[in-house]
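Welcome! Have a look at the sequence and the structure below, and then let us walk through them together.

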Amino acid sequence: KYDKWEQYVQENERLEKEMKEQADEAQRQATYQSMMRRRPPADDVVAEEGESIVAATLRRAREVKEEGSELYREGSMYNVKKALATWDQALLLSERTKNFVKYKKDPDLEEDQGASITSEASALQCTLRLNCAAAFLRLKDYHQCVASCDEVLATDKTNVKGWYRKAQALAALGNRGDAVEALDALFALEPDNAAALQLAKQVAVSGDKRVTDKKALNVRARARAQPDDAANSAASADSGRGDQPAPES
């Protein structure tokens with residue numbers, strides 16, 4: 001009887017494992033399909049007379065970024081979603097630019113020119129990801145906002161807006177501990193950032209064991225030292241329209 005029960009338990013565990021794997025695979029497929037619907041393929045690039053394909057691709061990426069910014073500024077949720085898809089296209093174009101340089105698709109491109117173009121493309125990607133983070137905040141897709149900010153911060157730990165928008169999203173998710181971590185990193189860069197001080201006022205940092213007392217007290221002390229009217233003014237200036245984060249230039 002014991003052997004039969006053990007066999008039953010093992011079979012049950014195997015079926016549960018298979019069902020979980022199937023559910024995980026279905027979730028991965030759904031996420032992939034959603035990403036592909038939101039992320040159209042980069043359009044064909046036509047170089048102007050005397051322009052290399054590498055320079056033309058980077059130029060087109062900048063143009064597409066501006067198209068997305070125009071959509072975002074129109075303000076409707078529909079256009080914010082369109083802006084996200086457009087910025088994703090610009091990200092693809094900028095990544096294609098870097099690959100052209102990396103794999104020497106333009107034999108006439110000098111090494112120093114290639115390094116400069118790669119740097120410009122990387123800077124553009126940083127801007128685009130910050131824009132995406134702002135759009136995700138508007139759409140209340142806070143997990144995606146955090147992911148976009150993390151991509152920025154992975155290459156630039158000194159990006160203030162990356163830390164700020166990450167803190168905003170984490171606070172909205174109720175993840176106060178990690179929000180404090182992000183604010184603490186921001187204050188190390190800009191101790192008097194008024195918009196972050198206003199956010200710190202809204203984040204209750206007591207009682208979260210994941211946050212060191214020093215960081216919690218640091219954020220709370222800065223928040224208490226900030227006048228309410230000054231912080232509100234700064235938050236509005238950062239967002240552009242009160243609750244709408246502005247896209248990067």
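Let us begin with a pair of helices. In this predicted model, α6 and α8 pack with their axes 11 Å apart, at an angle of about 15°. The two helices α6 and α8 are therefore roughly parallel to each other, since an angle under 35 degrees counts as roughly parallel. Their crossing is left-handed. On the α6 side, the residues that take part are Tyr164, Ala167, Gln168 and Ala171, and they meet Ala195, Ala196 and Leu199 of α8.

Now try a second pair. The axes of α4 and α5 cross at roughly 165° and come within 8 Å. That makes α4 roughly antiparallel to α5, because angles over 145 degrees are counted that way. The crossing of α4 and α5 is left-handed too. From α4, Cys126, Arg129, Leu130, Cys132, Ala133, Phe136 and Leu137 take part; their partners in α5 are Tyr142, Gln144, Cys145, Ser148, Cys149, Glu151 and Val152.

Here are both pairs side by side:

| Helix pair | Angle | Axis distance |
|---|---|---|
| α6 and α8 | about 15° | 11 Å |
| α4 and α5 | roughly 165° | within 8 Å |

Which residues does Cys145 touch, leaving aside its neighbours within four places in sequence? The contacts of Cys145 are Ala133, Phe136, Leu137, Arg165 and Ala169. Among them, Ala133, Phe136 and Leu137 belong to the α4 residues that meet α5.

Cys145 also leads us to the core. The largest nonpolar core has 50 residues, and Cys145 is among those with the most contacts inside it, along with Tyr72, Trp87, Leu183, Leu186 and Phe187. Two or more residues of this core come from each of α2 (53–74), α3 (77–102), α4 (111–138), α5 (142–155), α6 (160–172), α7 (176–189) and α8 (194–202). The biggest share, 10 residues, is given by α4. Both domain 1 (35–139) and domain 2 (144–225) supply at least three residues to this core.

Finally, step back to the whole chain. How many helices and strands does the protein chain have? There are 10 helices and zero strands. Of the 249 residues in the protein chain, 41% are buried. Among contacts in the protein chain with a separation of 6 or more, 66% are between residues 24 or more positions apart.

How values were computed
Residues numbered from 1 in each chain as written. Predicted model: local features only at pLDDT ≥ 70, side-chain atom pairs only at ≥ 80, totals over all residues. Heavy atoms only, no water. Core = buried A, V, L, I, M, F, W, Y, C linked by side-chain atoms within 4.5 Å. Buried < 20%, exposed > 50% of the residue type's maximum accessible area, 1.4 Å probe, protein only. Helix = DSSP H or I, 4+ residues; strand = E, 2+ residues; numbered from the N terminus. Domains from an automatic or database assignment. Contact = heavy atoms within 4.5 Å. Axes fitted to C-alpha atoms, helices over the stretch in contact; angles between N-to-C directions. Parallel < 35°, antiparallel > 145°, perpendicular 65-115°, else oblique. Left-handed = near helix turned anticlockwise from the far one by under 90°.
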